[in-house]
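Let's take a walk through this fold together. Have the model open beside you and follow along.

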Amino acid sequence: QKGAYPYYMLKEIDEQPGVMRTLVQEYFNEDGSIKIDADLLNALSQADRLYVVAAGTSYHAGLVGKELFEKLAKIPTEVHVASEFAYNPPLLSEKPFFIFLTQSGETADSRQVLTQVNAQGYPSLTITNVKASTLDREATYTLLLHAGPEIAVASTKAYTAQIAVLAILVKAYGEAKGLQAVKEFDLAAELTKVANGMQELVDEKGTVEKVAKEMLETTRNAFYLGRGIDYAVAQEAALKLKEVSYIQTEGFASGELKHGTIALIEEGTPVIAVITNPKTATHTRSNTQEVLARGANVMIISSRGVAQEGDQVVLPDVNPLLSPLLSIVPTQLLAYYASLQRGYDVDKPRNLAKSVTVE
Ligand code: M6R
């Protein structure tokens, strides 16, 4: 039920702080230990490489998951679009472990890969929001997202829940491997900080609504840019905006701007930069200067440590590896308001289905 909300998408954006808190309750014991099946951790620890397979928004959550697995737990991780993997699989390592990310648990492209993986006898984990869904039943292990039903076609809370569950899995795996840095990473406390930060962001909707009105109401196209983990967020932000507002949107690595995309920047083109990493903040800022000089309308979403005066959204502080959980929120709201301002049914974008059960 959407209750007092005009649309499910807004309700689901607003539910994200609560989902983070639920995940802390579901996955952490009082003493801080994690409730994940020892068999799953054992199977994971035998792997020499992880293969994350997903589609759409879930694929974008996988891109963030790769950062978490590689940076925190030091295990090589590849992320693949399911429909590509199915017909053009990569060369596999000796001991692969597969992780399927799927909100619905019914995506045909992902299922097709799981069927192939099962036929080859490799272990797999499905991370899904829907218990007893096809990919839950067919994978070796399952972790649930506990996000509550997601009704709007545009996925929001499942994306952040996927990233949080991946972070919990990385923590459990890293601890089992005896990694000191992972042991010291107080993830339950960080996720609580994330929940509070998300709450601050969803309470400040007015700012984003105004930017949407100024930048997106009549535009034909828009660009998101970022580097590293912010690039992963830029790709998801672009998908969100295009699917509900029909604005042609691209999310790209900001260093790539000068290699082609800058040709598309003209007077009034909206460019939204996500800047959270101190190491690359100066570079991305200079990219925004390049587009400003060509007349672009620039919006900057930055984390507190690298914020500058004039940035439209400054994110509350969290561990940098969890920054996507916050930086995505204003972009979800931008998509929502852009769709409404253009007069569309934001919950049911044209040509799209909530779960894509055909290849
Ligand atoms: O249920 P799944 O997570 O497997 O769905 C994957 C995609 O179809 C889905 O994320 C799609 O891209 C959404 N419309 C994104 O908002």
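Start at Phe223. Leaving out residues up to four places away in sequence, Phe223 touches Thr249, Glu250, Phe252, Thr261, Leu264, Ile265, Thr269, Pro270, Val271 and Ile272. Keep in mind that this is a predicted model. Phe223 sits in strand 6. Is this residue buried or exposed? Its relative accessible area is 3%, and since anything under 20% counts as buried, Phe223 is buried. For a sense of distance, take Lys193: Phe223 and Lys193 are 30 residues apart in sequence, and their C-alpha atoms lie 29 Å apart in space.

Strand 6 covers residues 221–226 and runs parallel to strand 7, with six bridges joining the two. One of the residue pairs to look for is Ala222, whose bridge partner in strand 7 is Thr249. And Thr249, you'll recall, is also among the residues that Phe223 touches.

What is the strand order of the whole sheet? Reading across, the order is 7-6-8-9-10, making an open sheet of five strands with parallel pairing. Strand 7 (248–253) and strand 10 (313–315) are the edge strands, each pairing on one side only. From one strand to the next, the twist averages 15°. If you're wondering what holds such neighbours together, strands of a sheet pair through backbone hydrogen bonds, either parallel or antiparallel.

Further into the order, strand 8 (residues 270–275) and strand 9 pair in the parallel sense over six bridges. Strand 9 itself spans residues 297–303, and six of its seven residues are buried, so the strand is largely enclosed by the rest of the structure.

At the strand 5 end, strand 4 (residues 124–128) pairs with strand 5 in the parallel sense over four bridges. Look for Thr126 in this pairing: its bridge partner in strand 5 is Thr142.

Most residues other than glycine have a negative phi. His146, however, has a positive phi of about 50° although it is not a glycine. His146 belongs to the loop between strand 5 and helix 8 (157–176). With a relative accessibility of 28%, His146 counts as partly exposed. Asn351 is another non-glycine residue with a positive phi, this one about 65°. You'll find Asn351 in the segment after helix 14 (324–341), and at 77% relative accessibility it counts as exposed.

The largest pocket has a volume of about 610 Å³. Which residues are closest to its centre? Of the 26 lining residues, they are Gly56, Thr57, Glu243, Ala353 and Val356. Helix 4 (56–73), strand 3, helix 6 (108–119) and helix 12 (229–245) each give at least two residues to the lining. Helix 12 supplies the largest share, four residues. By class, the lining of this largest pocket divides into eight nonpolar, 11 polar and seven charged residues.

The second largest pocket holds about 270 Å³ of space. Its lining includes Glu67 and Lys71, then Arg227, Gly228 and Ile229. Thr276, Asn277, Pro278 and Lys279 line this pocket as well, along with Pro320, Leu321 and Ser323. Sorted by class, the lining of the second largest pocket has four nonpolar, four polar and four charged residues.

Terms used: Residues numbered from 1 in each chain as written. Predicted model: local features only at pLDDT ≥ 70, side-chain atom pairs only at ≥ 80, totals over all residues. Heavy atoms only, no water. Pairing = 2+ DSSP bridges. 1 Å grid on protein atoms, 1.4 Å probe; cavity = no way out; pocket = protein on both sides within 12 Å on 5 of 7 lines; lining within 4 Å. Points joined across faces, edges and corners; volume = space filled by probe spheres on them. Nonpolar A, V, L, I, M, F, W, Y, C, P; charged D, E, K, R; others polar. Buried < 20%, exposed > 50% of the residue type's maximum accessible area, 1.4 Å probe, protein only. Axes fitted to C-alpha atoms, helices over the stretch in contact; angles between N-to-C directions. Contact = heavy atoms within 4.5 Å.
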